[in-house]
Amino acid sequence: MSAACAVFAEKGYHDATVEEICKRARSNIAAINYHFGSKEQLYACVWRKAFDEAMSAYPPEGGLGPDADSQERLKGTIHSLVGKAVDPGRIGHAGKLLLREMVNPTDVIRHVKRDALQPLHDRMSNLMRDLLGPKASDEHLLLCQMSIVHQCMAIGMRFFKGTMPPHMNLDRPSDQLVETLTDHIMRFSLAGIKAVRKEIKAGRNAGRGVGVCSNSAMS
């Protein structure tokens, strides 16, 4: 499984070959067919295992319960998203594998990914409701959720592609980098959320009538 995770993370689903996976695992194609049935099923198992490992290393909302302070839960959420994107030391190839699937999604794990991500989407929607107040519309919730997730994704992709600015000190320990990025996105996002909440209380539509698709911001 670890060999398959490494190959899929390095090359992506489409360019990865069963032959290379078998070579690294010192196994044979017959063994993969016996245990998994196909390359598609192997990828589904590898992706789900990587997702579970990433969630264990960086749990949703930082592992806080629903009764914790909403701002602390927001910081925990951002910390979790950033950590999974820029800390390969704790989760190995899993972070790169998850980012590849988010940027270039495959159809072969559509149901696996939906089952894994839907609880996160629901959890974050509830968090946004706590932060924005009971009068927030579904559009308000989704727009704010997308804004936060996509900030973390953008940083993750720049890290993944090696295009982080040269003045960004990447030589620091991963935990320090995660904390620096988390603190910035937290301050930026919280200011935006407070502005949207103020508009909601004033009766103004933060979405300005722009149509938003109902797809999960986490997918």
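Guide: What follows is a conversation about a predicted model, taken one term at a time.

Visitor: What makes Q145 count as buried or exposed?

Guide: The place of Q145 is in helix 9, and its relative accessibility is 0%. Buried means under 20% relative accessible area, so Q145 counts as buried.

Visitor: And why is D69 called partly exposed?

Guide: D69 lies in the loop between helix 4 and helix 5, with a relative accessible area of 47%. Because buried means under 20% and exposed means over 50%, a value of 47% falls in between, and D69 is therefore partly exposed. In space D69 is 9.5 Å from D130, C-alpha to C-alpha, although the two are 61 residues apart in sequence.

Visitor: How do you know that the side chains of Q145 and H121 make a polar contact?

Guide: The contact that joins these two side chains has a length of 2.8 Å, and the cut-off for such a pair of N or O atoms is 3.5 Å, so the pair of Q145 and H121 is within the limit.

Visitor: Which residues touch the most other members of the largest nonpolar core?

Guide: They are F8, L74, L97 and M128, in a core of 60 residues. Several helices give two or more residues to this core, among them helix 1 (2–15), helix 5 (70–86) and helix 8 (110–132), while the largest share, 10 residues, comes from helix 4.

Visitor: What is M128 in contact with, once its neighbours within four places in sequence are left aside?

Guide: M128 is in contact with L74, G133, L141, C144, Q145, I148 and I193; the word applies because contact means heavy atoms within 4.5 Å.

Visitor: How many cavities of 30 Å³ or more are there, and what makes a space a cavity?

Guide: The count comes to 2 cavities. A space is called a cavity because a 1.4 Å probe fits there but cannot get out. The largest cavity has a volume of about 240 Å³, and of the 16 residues that line this cavity, the closest to its centre are L81, K84, L98, L99 and M102. Helix 7 gives the most to this lining, with 4 residues.

Visitor: How do the residues of that lining divide into nonpolar, polar and charged?

Guide: The lining of the largest cavity has 14 nonpolar residues, 1 polar and 1 charged. Lys counts as charged, so K84, which is among the lining residues, belongs to the charged group.

How values were computed. Residues are numbered from 1 along each chain as its sequence is written. This is a predicted model: local features need pLDDT of at least 70, side-chain atom pairs count only at pLDDT 80 or more; totals for chains, interfaces and linings use all residues. Side-chain values use heavy atoms; hydrogens and water are left out. A nonpolar core is a set of buried Ala, Val, Leu, Ile, Met, Phe, Trp, Tyr and Cys residues joined through side-chain atoms within 4.5 Å. Buried means under 20% relative accessible area, exposed over 50%, partly exposed in between (1.4 Å probe, protein chains only). On a 1 Å grid over the protein atoms alone, a cavity is a set of points where a 1.4 Å probe fits but cannot get out, and a pocket is an open set with protein on both sides within 12 Å along at least five of seven lines; lining residues have an atom within 4 Å of a point. Grid points are joined across faces, edges and corners, and a volume is the space filled by probe spheres set on the points. A polar contact is a pair of N or O atoms within 3.5 Å; within protein, one must be able to donate a hydrogen and the other to accept it, and residues adjacent in sequence count only if both atoms are side-chain atoms.
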